Amino acid sequence: MAERLPVTVLSGFSGAGKTALLEHVRTHAEGRRVAMLVDGPDLLAELEGLARVGAHDAAIVVTDATAEPLAIAELFAFEDEHGHAGAGYRLDTLVTVVDAASLLRDWHDADFLSDRGLVEAADGDDADDRTVVDVLVEQIEGCDVLVLNHADGANTDTLTDARALLRALNPRADLIEATHGAVPAARVLDTGRFDVDTTFASAGWQIALRGETLPETDGIGAAVYRRRRPFHPQRFADLIHTEWMREHGDVLRSKGLFWLASRMAVAGDWAQAGGVCRPGGAGAWWAALDQADWPHDAEARAEIESEMDGPFGDRRQELVLIGRDLDTAALSALLDACLLTDDELAAGAEAWAHYADPFPSWDEEHDHDHDHDHHDHDHAHDHKDDGQCGCGHAH
């Protein structure tokens, strides 16, 4: 079988320098014949056509400013799983370009994409209500190669901080510093770096959650908070309306599951990046489902059973905090104060159901037919409702 055409997907926020990088790679391709395509609904058909002709050695797919690379990777993976593994192309590398000069400013901002004129203003259920940092975190965590571009336009401290943030968010990625998109072609073409199992599970928070050490870089490290007791919904809501993530270090990224005593059926999904946090529904706890609805695969069921602990099953607090100069003990104490007391715990779930609960509805009539991997927090996000928190942004 002929070698399949390696495909590089090039992502990056507005102004990061994707065009400059693309032109540099195409004109310094070291003898490679490189095709360029723009992501669109007929992308895979176009790639198949290119591969069939055989006139190119590699292809680069350029995405728009707000594209999420893992969503594109899932498209390739879906095609491979459903009988197209023999296609003449393969996804080879996900590249994200980041602007060194503006990264930290954008990370701590809370602008919606609509504020920047990148999408239409939010109106209705199908509106794009993402923020700038929502896109940045998806692009940075979901790639194989990170290009820190415009390095000449950032001062030493800014460049050091940007480098440390990127390394904490995606330790596995090949981190390249560049000026005017001048990146060696071999670093982004036919690298063989993309792997479904690895690329999809290489964010810093996922690494920390698995118990692996996240290298501390320039004061940025990770802490994992785990408890098998529910939060009192009002106390937890009160906490996240404060500046708790700025009082004991600077929490730059946090992700995980949380358990509200008033909501025994559905796990909470905690997602914070910079100045934006989005607490919402993550899907059913396995313990809330009939075992007939669990996967039938023996290995998957064994994995679920390993998460069960005592009368509450897999319900738990499981939060990863990534930040600079974190006082882990102080942060844990703040979260511990939100847990039910011994007396509250003894009152039982019937009493908990009547606790004051200021969180928006998570639509507990959820769809059980979804990928539900607690270890990577791969829950359904169909009904993520957002509330104000102390990260500085309200939805």
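**Close-up views of a predicted model**

**View 1. Six strands form an open sheet in the order S2-S3-S1-S4-S5-S6, with parallel pairing.** The edge strands are S2 (34-38) and S6, and each of them pairs on one side only. From one strand to the next, the twist averages 25°. The model is predicted. Strands of a sheet pair through backbone hydrogen bonds, either parallel or antiparallel.

**View 2. Strand S1 (residues 5-12) runs parallel to strand S3 (residues 58-62).** Four bridges join S1 to S3. Val7 stands opposite Ala59 in S3. Helix H2 (residues 43-53) packs on the sheet. H2 touches S1, S2, S3 and strand S4 (89-99). The direction of H2 makes about 160° with that of S2.

**View 3. Helix H2 has buried residues and, on its other side, exposed ones.** Leu43, Leu44, Leu47 and Leu50 are the buried residues of H2. Seen down the axis of H2, they fall within an arc of 120°, so they line one face of the helix. An α-helix has 3.6 residues a turn, so residues three or four places apart point the same way. On the other side of H2, Ala45, Arg52 and Val53 are exposed.

**View 4. The buried residues of helix H9 (residues 233-240) line one face of the helix.** They are Pro233, Phe236, Ala237, Leu239 and Ile240. Viewed down the axis of H9, these residues fall within an arc of 160°, so one face of the helix is lined by them. They pack against two helices, H10 (244-247) and H12. They also pack against two strands, S8 (250-258) and S9 (266-273).

**View 5. Asp190 has a positive phi in the loop between strand S6 (174-177) and helix H7 (196-199).** Phi of Asp190 is near 50°. Asp190 is a residue other than glycine. Is its side buried, partly exposed or exposed, and what is its relative accessible area? Asp190 is partly exposed, with a relative accessible area of 43%.

**View 6. Asp325 has a positive phi although it is not a glycine.** The value is about 50°. Asp325 is found in the loop between strand S12 (317-324) and helix H12 (328-336). Exposed means over 50% relative accessible area. Asp325 has 56% relative accessibility, so it counts as exposed.

Definitions and conventions:
Residues numbered from 1 in each chain as written. Predicted model: local features only at pLDDT ≥ 70, side-chain atom pairs only at ≥ 80, totals over all residues. Heavy atoms only, no water. Buried < 20%, exposed > 50% of the residue type's maximum accessible area, 1.4 Å probe, protein only. Pairing = 2+ DSSP bridges. Axes fitted to C-alpha atoms, helices over the stretch in contact; angles between N-to-C directions. Contact = heavy atoms within 4.5 Å. Arc of directions from axis to C-beta.
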